[in-house]
Amino acid sequence: MTAPSRFIAPGATLGVMGGGQLGRMFVHAAQQMGYFTAVLDPDPASPAGLAAHFHIQADYLDEQGLAQLMQRSEAITTEFENVPAAALITLGAHRPVAPGADAVAICQDRSLEKAHFGRCGVPCAAYSVIETAEELAAVDASRLLPGILKTARLGYDGKGQVRVKDAVELTTAWQTLRRVPCVLEQRLDLADEISVIVARAADGTIVHLPVQHNLHRDGILAVTCVPATGIDTGQQRLAIEAARRIAESMEYVGVLCVEFFVLRDGTIVANEMAPRPHNSGHYSIDACDVSQFDLQVRSLTGAPLVAPRLHSPAVMLNLLGDLWFRSGEMERAPDWAGLLALPGAHLHLYGKVQARPGRKMGHLTITAETPARAREVALRAAELLGIEAF
């Protein structure tokens, strides 16, 4: 049972595996639409658990915890891609689960993910899978180096990635990553980074958010601008079509984000995908009439999917724990009052009790009547926060 076979009306309880900020925003969207919510997460202070009606404090493979989630919930989703596939299989045997275990398993493994891109006819960087010393020795250096060595599993926000120039650095990097299965990708000449968020229903209906123009720093998303000014409409159309094709080929149900690179020659290539709402889509809460979390609720419950409408140009700034630190020392929180005095400012803090460098603590979305005005105000916000201009 991988998708709802009937409409689950408000008043039912929806479950979510994972208690981070994505789960928290899903809980808010579900509650706004009249649903009760249950979160399974081992952290007693998990952001989603604190916001939900029910918090099941248990490990993701804990049999009693999974049983409680099934007993309480009429349908279940996940807020992060590394939830154990075995848990989703167990849940899916008794309750509608979206996305399903098979799709999540593809997104959990970079080698499976890239193979899936190939099956869909979606170009990605040239790559090689490295699981053994023999495969390492057989790497075609002339084709793949310089490159980026990435762990096949459990890598996100720049973690588990090492840039390598030659065979010596490649060998050292694989040792540093403890010889776990990896994917070596050819380093590409990038002009821009974009992402597309689609939502697909069990009946095959599929809708998408506008193309998002992204800026990453140290492997972590820093800024998202919508509409994606500077990205050709033809390129945007290609990215949307590719994301739809990827979702359809997995018979995906739920919200899926596909990240793309725009190369200097204008080529669009897929980078990676996430089987859940995505950081680059957070602006949709304030700038669209249907947010990515509304779409997650709708696809999970079998409610009609409607195409989101961007009613305000927007710029989103990620708020990392670094903002609470200066010169390596913990200091006072940012000037929230100053930020909230800016026109079109929408502050979202995730309820995390401790700031740490690199930790996603919240986001700030600036909406305005034009993209230029949104950017202007966002740059003022960045100055107030001490964030590098963009």
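Analyst: The second largest pocket has a volume of about 370 Å³. A pocket here is, on a 1 Å grid over the protein atoms alone, an open set of points where a 1.4 Å probe fits, with protein on both sides within 12 Å along at least five of seven lines; the volume is the space filled by probe spheres set on the points, which are joined across faces, edges and corners. The model is predicted, so local features need pLDDT of at least 70 and side-chain atom pairs count only at pLDDT 80 or more, while totals for chains, interfaces and linings use all residues. Residues are numbered from 1 along each chain as its sequence is written, and side-chain values use heavy atoms, with hydrogens and water left out.

Lining residues, those with an atom within 4 Å of a point, number 17 in this pocket. R217, L320, D322, L323 and I387 lie nearest its centre. Two elements, β12 (220–226) and β15 (314–320), each give two or more residues to the lining; strands are DSSP runs of E, at least two residues long, numbered from the N terminus. The largest share, four residues, comes from β12.

By class, the lining holds nine nonpolar, three polar and five charged residues. Nonpolar covers Ala, Val, Leu, Ile, Met, Phe, Trp, Tyr, Cys and Pro, charged covers Asp, Glu, Lys and Arg, and the others, Gly among them, count as polar.
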